[in-house]
Amino acid sequence: MQAWRVHENGEPGEVMRLEEVDRPVPGDGQLLLKVRAANINFPDALLCRGEYQVRPPLPFTPGVEICGEAEDGRRVIANPALPYGGFAEYAVADAAAVLPAPDSLDDAEAAALHIGYQTGWFGLHRRAHLRAGETLLVHAAAGGVGSAAVQLGKAAGAKVIGVVGGPEKAAVARGLGCDVVIDRRSENVIGAVKEATGGRGADVVYDPVGGDAYTQSAKCVAFEGRIVVVGFASGTIPAPALNHALVKNYAVLGLHWGLYNAKDPAAVAGCHTELTRLAAEGAIKPLISSRVPVKDAAAAVQQVADGRSTGRIVVVPEGSVR
């Protein structure tokens, strides 16, 4: 079969190689899945660089989120068990963690439902306890992780403020349903948030960016607000001033969604049931900006790594691109 493999760490566009390899053999408690679509996530870029918290042995195939077909014909979504990732014709996944693909979504949409939306749901509901009528501020609102949070926030009845970089991404954020869109390149984020909230600030901040975005968040979070730290796409890990959190009465909440798979898998399954319901009702729908053929996967991962994408880019088999 064909598979993209990484033999040395570096930038995805330089170190990913498309090769002919043997079909992987699943171990005990695992399933062999035919890949119908593989969603590109920022962790795929970090894996290539050797900067992710999980470091599979070299060589490995990246691709941490797929819609696949089991040998019994079931259409499922899964996080492949590395080193046999999703940028290949076949991948391996732990049987216990495989979930049914929603009938309301096509293969590319189903592949993009899992990590970003699970992260958003746990971040907004389990960690921040977002309530209807509250104001939610989402950084990188036009990206894959941010767009999921925007949709989930709107589904929860929140007023959503989206922060983006550039007019093209601003248009995407408006299309997603953001009530207010702030272009960080041309507007003062702190001032714009305070203006949009009558000076109160955002009740919940969803931050997959870190760096300057976190600094801005701490200056425009409301009394008893909650900042959910999801990741550091900016490449800069902030150092929160705890004295500032104390005097302003806000909380800084960490979210590592992968821990729920190990510590509370029932909660992950319950979340998937809720996401499936929301998808069937049309309240959420992964934003697929492009479907690319397998031969273009490395360039597409590099595009995500460089922050040049909106929504989700999904790798699909030849003949499935449209």
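A pocket here is an open set of grid points with protein on both sides within 12 Å along at least five of seven lines, and its lining residues have an atom within 4 Å of a point. The model described here is predicted.

- Rolling a probe the size of a water molecule over the atoms shows where empty space is left.
- The second largest pocket holds about 200 Å³ of space.
- It is lined by 16 residues, and those closest to its centre are Ala88, Glu89, Val294, Pro317 and Glu318.
- Two elements give two or more residues to this lining: strand E3 (30–39) and strand E15 (312–316).
- Strand E3 supplies the largest share of the lining, three residues.
- By type, the lining residues of the second largest pocket are ten nonpolar, two polar and four charged.

**Helix H6**
- Which residues of helix H6 (residues 167–176) are buried? They are Ala170, Ala173 and Leu176.
- What do the buried residues of H6 pack against? Their partners are helix H5 (144–155), strand E9 (159–164) and strand E10 (180–183).
- Gly177 follows H6, and its phi is positive, near 110°.

**Ser147 in helix H5**
- Ser147 lies in helix H5.
- Is Ser147 buried or exposed? Ser147 is buried, with a relative accessible area of 2%.
- Leaving aside neighbours within four places in sequence, Ser147 is in contact with Ala140, Ala141, Leu176, Leu287 and Gly311.

**Cysteines**
- A disulfide is a covalent bond between the sulfur atoms of two cysteines.
- How many disulfides does the model have? With a cut-off of 2.5 Å between the sulfur atoms, the count is zero.
- Cys178 is in no disulfide, and its nearest cysteine sulfur, that of Cys220, is 14 Å away.
- Cys178 counts as buried, because its relative accessibility is 10% and the cut-off for buried is under 20%.
- Cys220 is buried too, with a relative accessible area of 1%.

Definitions and conventions. Residues are numbered from 1 along each chain as its sequence is written. This is a predicted model: local features need pLDDT of at least 70, side-chain atom pairs count only at pLDDT 80 or more; totals for chains, interfaces and linings use all residues. Side-chain values use heavy atoms; hydrogens and water are left out. On a 1 Å grid over the protein atoms alone, a cavity is a set of points where a 1.4 Å probe fits but cannot get out, and a pocket is an open set with protein on both sides within 12 Å along at least five of seven lines; lining residues have an atom within 4 Å of a point. Grid points are joined across faces, edges and corners, and a volume is the space filled by probe spheres set on the points. Helices (H or I, at least four residues) and strands (E, at least two) are DSSP runs, numbered from the N terminus. Ala, Val, Leu, Ile, Met, Phe, Trp, Tyr, Cys and Pro count as nonpolar, Asp, Glu, Lys and Arg as charged, and the others, Gly among them, as polar. Buried means under 20% relative accessible area, exposed over 50%, partly exposed in between (1.4 Å probe, protein chains only). Contact means heavy atoms within 4.5 Å.
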